[in-house]
Amino acid sequence: MRDKILYVLGALAVLVLARNLYVIAGLPQEAAQGAIFKIIFFHVPAAWTAIVAAITALTMSVQFLRTKDFKYDAAAVAVTEVGLAFLAANLVTGSIWARVIWGIWWTWDVRLTSALVCWLLYAGYLMLRHAIEEPTQRATFAAVFSILAFLDVPIVYFSIRWFRTQHPAPVFLSSNGSFPADWTRVLLSNWLGLLLLAIVMTAIRLRQEESQREIDSLRRAAHAM
Amino acid sequence: MHLLAQTLLVAQASPEDIVQELARLQRNFHFLSYGFAAAWIILTLYVLMLVGRERKLKRQITNLKAMLEERQKK
C-alpha cells in the first residue's frame, strides 16, 4: 500500500513538473533579462524545498534529543540528504543565471557564500554519520550537529535583507519587488511538484534507513550464533 | 502600440545590432536550457543513487537471512 502511494505521488510530481515546463516555455520573456529569467521557476522553488527540508531536519533532531527514539534520527538523515540535492540544484541554476546576467559563474556575495556554507555543513553532517560506528553516539552527535548547522539557514534567507548583496533583492513577500500573479501561480505550482518529489524521495530514503536497521539487527543475530 | 514601437526600433537598428541581439537571445535560451537540464540531472542522479542503494540493501537482507537460516539448520 505504502509503495503504491509513493508511485502515485511520484507520478503526480513528474506530471506537474512536466506540465509546468510546457507552461514556462509559453510565458513571455522578462523585459530586462530575457529568457534566462525563467530559471527562477526552478531556482527559487528548489531553495524553498531545501529550506523546508532543513526545518524538518531541525525538528527531527530536536525530537531525537528529547525522546532518544531512532525513528526521528532516521527522518532527520533522510530529509537532510534530500534537502542537500535540492540545494545543489538551487546553487547550480543560480550559477548558470549569474554567468549570463553578471558575466561570472560565482561571486563571494553573502547570499551565495552562506548558501554554499549551508550545503557544506549538511554534507558534513552526512560525513559525520559515516565516521561514527556506535548508533546512539552517532545519532546524538548528528542531531547536535544538525541543530548547529541550521543556524546558517536564517542567515541564507535574510542575507539579502540584512546586507547589500549582488544577489537580486527579494521579489516575494516583500514590498521591494513585484511578480505578476499568473507567474506566481506557475512558480507555486512548480514548488508543489518539487515538494511532492521531495516527499517521495524522503519516504524512500526513510525506508532505506529502516532496511539498514534490519541489516544491523540481522548481523547482531548472526554474531550471537 | 508595443508592436509599432518594436518595429520602429528594429527599423533604426543596424544589421550588426540585429545580429548581436539575435546572438544574445540565442545565448540566453542556451543557458536557460543548461539550467533546467542541470537541475533535472542532479535530481535524476540522486534518484538513481537511491535506486542503487535500495537494491544493495535488499541484496544484503536476503543474503543475511539465508545465512541465518543455514546456521539454524546446522
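What is the mean pLDDT of chain B, and what percentage of its residues reach 70 or more? At what angle do helix 7 of chain A and helix 2 of chain B pack, and how far apart are their axes?

Tutor: This is a predicted model, in which local features need pLDDT of at least 70, side-chain atom pairs count only at pLDDT 80 or more, and totals for chains, interfaces and linings use all residues. Residues are numbered from 1 along each chain as its sequence is written, while chains are lettered from A and ligands numbered from 1 in the order in which they are written.

Confidence comes first. Chain B has a mean pLDDT of 86, with 89% of its residues at 70 or more; pLDDT is the predictor's confidence in each residue, on a scale from 0 to 100. For chain A the mean is 92, and 98% of its residues reach 70 or more. Within chain A, the lowest confidence is that of helix 1 of chain A, with a mean of 91, and the highest is that of helix 2 of chain A, at 97. The model as a whole scores ipTM 0.88 and pTM 0.89.

Next come the elements, where helices (H or I, at least four residues) and strands (E, at least two) are DSSP runs numbered from the N terminus. Chain A has seven helices and zero strands, and along its sequence the pattern reads α-α-α-α-α-α-α. Its C-alpha atoms fill a box of roughly 70 × 40 × 30 Å along the principal axes. Chain B contributes two helices and zero strands.

The requested contact can now be described. Two packed helices are described by the angle between their axes and the distance between the axes. Helix 7 of chain A (residues 181-224) packs with helix 2 of chain B (residues 15-73) at an angle of about 25°, and their axes are 10 Å apart. Here axes are lines fitted to C-alpha atoms, for helices over the stretch in contact, and angles run from 0 to 180 degrees between N-to-C directions. That angle makes helix 7 of chain A roughly parallel to helix 2 of chain B, since angles under 35 degrees count as roughly parallel, over 145 as roughly antiparallel, 65 to 115 as roughly perpendicular and the rest as oblique. The crossing of helix 7 of chain A and helix 2 of chain B is left-handed; a crossing is left-handed if the near helix is turned anticlockwise from the far one by less than a right angle, and right-handed if clockwise. The contact of helix 7 of chain A with helix 2 of chain B has 15 nonpolar, four polar and six charged residues. In this classification Ala, Val, Leu, Ile, Met, Phe, Trp, Tyr, Cys and Pro count as nonpolar, Asp, Glu, Lys and Arg as charged, and the others, Gly among them, as polar.

Helix 7 of chain A also packs within its own chain. The axes of helix 2 of chain A and helix 7 of chain A come within 9 Å and cross at roughly 45°, which makes helix 2 of chain A oblique to helix 7 of chain A. Helix 2 of chain A passes helix 7 of chain A in a right-handed crossing.

Both partners of the requested contact also take part in the largest nonpolar core. A nonpolar core is a set of buried Ala, Val, Leu, Ile, Met, Phe, Trp, Tyr and Cys residues joined through C-beta atoms within 7 Å. This core has 60 residues, of which A:Ala85 and A:Phe86 touch the most other members. The elements that give two or more residues to the core include helix 7 of chain A and helix 2 of chain B, and its largest share, 17 residues, comes from helix 3 of chain A.

Burial is judged by neighbour counts: a residue is buried if 20 or more other C-beta atoms, placed from the backbone, lie within 10 Å of its own, exposed if 12 or fewer, and partly exposed in between. Of the 225 residues in chain A, 33% are buried, and of the 74 residues of chain B, 8% count as buried. One residue of helix 2 of chain B is B:Pro15, which is exposed, with 7 other C-beta atoms within 10 Å. B:Pro15 and B:Leu32 are 17 residues apart in sequence and 26 Å apart in space, C-alpha to C-alpha.
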